Amino acid sequence: MIIFWILAVLLVSSAAAVVVMRSTLNSALALTFNLLVMAAAFAGLHAHFLAVVQVIIYAGAIMVLILFAVMLLNVKAERHKRHENYLLVLAMVLAVCFCGALAPLVRAGFGQPAPETAAVSGSLAAVAKLLFSDYVLLSQVSGLLIIAALAGAVMLARERRKE
Amino acid sequence: MLSYWIMLSAVLFGIGAVGVIIRRNVLVVLMCIELMLNGTNLALVSFSRFQGNLQGQVMAFFVIVVAAAEAAVGLAIIISLFRTAKSVESSDAGDLKG
């Protein structure tokens, strides 16, 4: 339980840092920290394969892409004119309402952990077995999705030659 | 116990949503979208843990795959936006605004 609270404090504070920080690079570093702590949370929830995937793909590949973009576009801090304060208030109210709608859940306090057997251990073998038997169509289609996204990204970002 | 994890995931999602609405820098908006997706993954994995099957983890795996593809395409769009608008702030890209 103490682990849950440590993880919760780290996750929420780094998420708030992503939103609040003026400099884009600081937001990116806070997000990287958030993703790594999230991988620790996955490991704590017995999702070991997913924790490794999170580190490799989310914190490793996606954050590197974002940092490349920050570096290449030479992004400075946001300018200070903030004439949309009503938007901040509205967004906060909506977020609080969203979390507040789940507050009765916390009071009810349901859900005890299920007993852990080898079949549901969250190890690579168990997840791979499921991925390639029940969800094989989804895994092949996701490969196709990645190829399509790769081709699309290259098409969008290439230099336009002025004819 | 599960309810605490779901509440945490909702808080992360809410913080990401606030960031998407408020921030004008489109790179930070993309980062907040990733935050929202991570909150969802946390909810999926905690449901999977507390129900004793792996379906939530498989779904979270596919969410990660789709998030990777979406981040790549989103960054390509940002790069091509930067070429025309010469800035990454959404308030500078108002060409279509009536």
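User: Before we start, what does contact mean here?
Analyst: Contact means heavy atoms within 4.5 Å. Keep in mind that this is a predicted model.

User: Fine. Which residues is A:Val127 in contact with, leaving aside neighbours within four places in sequence?
Analyst: In chain A, they are A:Phe49 and A:Gly122. Across in chain B, they are B:Leu54, B:Gln57 and B:Val58.

User: Where does A:Val127 sit?
Analyst: In helix α6 of chain A.

User: Buried or exposed?
Analyst: A:Val127 is buried, because its relative accessibility is 1% and the cut-off for buried is under 20%.

User: And what separates the C-alpha atoms of A:Val127 and A:Val89?
Analyst: 43 Å, with the two residues 38 apart along the chain.

User: Switching to confidence. What does chain A average in pLDDT?
Analyst: The mean is 86, and 85% of the residues score at least 70.

User: Which elements of chain A have the lowest and highest mean?
Analyst: Helix α5, residues 103–108, is lowest at 72. The highest is α2(A), at 95.

User: How many helices and strands in chain A?
Analyst: 7 helices and 0 strands. Of its 163 residues, 33% count as buried. Among chain A contacts between residues at least 6 apart in sequence, 52% join residues at least 24 apart.

User: Now the largest nonpolar core. How many residues?
Analyst: 66. Those with the most contacts inside it are A:Phe42 and A:Ile66 from chain A, plus B:Trp5, B:Leu42, B:Phe61 and B:Ile78 from chain B.

User: Which helices each supply at least two residues of this core?
Analyst: From chain A, α1 (2–20), α2 (24–44), α3 (48–72) and α6 (124–133). From chain B, α1 (2–22), α2 (26–51) and α3 (55–85). The largest share is 12 residues, from α2(B).

User: What is B:Ile78 in contact with, beyond four places in sequence?
Analyst: A:Leu73 on the chain A side. Within chain B, the list is B:Val26, B:Leu27, B:Leu30 and B:Val88.

User: Last topic: α7(A) and α3(B). How do their axes cross?
Analyst: At roughly 10°, coming within 9 Å. That crossing makes α7(A) roughly parallel to α3(B), because angles under 35 degrees count that way.

User: Which residues meet there?
Analyst: On α7(A), they include A:Leu138, A:Leu145, A:Ile146 and A:Leu156. On α3(B), B:Phe62, B:Val66, B:Ile77 and B:Arg83 are among them.

User: How do the residues of that contact divide by type?
Analyst: 16 nonpolar, 3 polar and 1 charged.

Methods:
Residues are numbered from 1 along each chain as its sequence is written. Chains are lettered from A and ligands numbered from 1 in the order in which they are written. This is a predicted model: local features need pLDDT of at least 70, side-chain atom pairs count only at pLDDT 80 or more; totals for chains, interfaces and linings use all residues. Side-chain values use heavy atoms; hydrogens and water are left out. A nonpolar core is a set of buried Ala, Val, Leu, Ile, Met, Phe, Trp, Tyr and Cys residues joined through side-chain atoms within 4.5 Å. Buried means under 20% relative accessible area, exposed over 50%, partly exposed in between (1.4 Å probe, protein chains only). Helices (H or I, at least four residues) and strands (E, at least two) are DSSP runs, numbered from the N terminus. Axes are lines fitted to C-alpha atoms, for helices over the stretch in contact, and angles run from 0 to 180 degrees between N-to-C directions. Angles under 35 degrees count as roughly parallel, over 145 as roughly antiparallel, 65 to 115 as roughly perpendicular and the rest as oblique. Ala, Val, Leu, Ile, Met, Phe, Trp, Tyr, Cys and Pro count as nonpolar, Asp, Glu, Lys and Arg as charged, and the others, Gly among them, as polar. pLDDT is the predictor's confidence in each residue, from 0 to 100.
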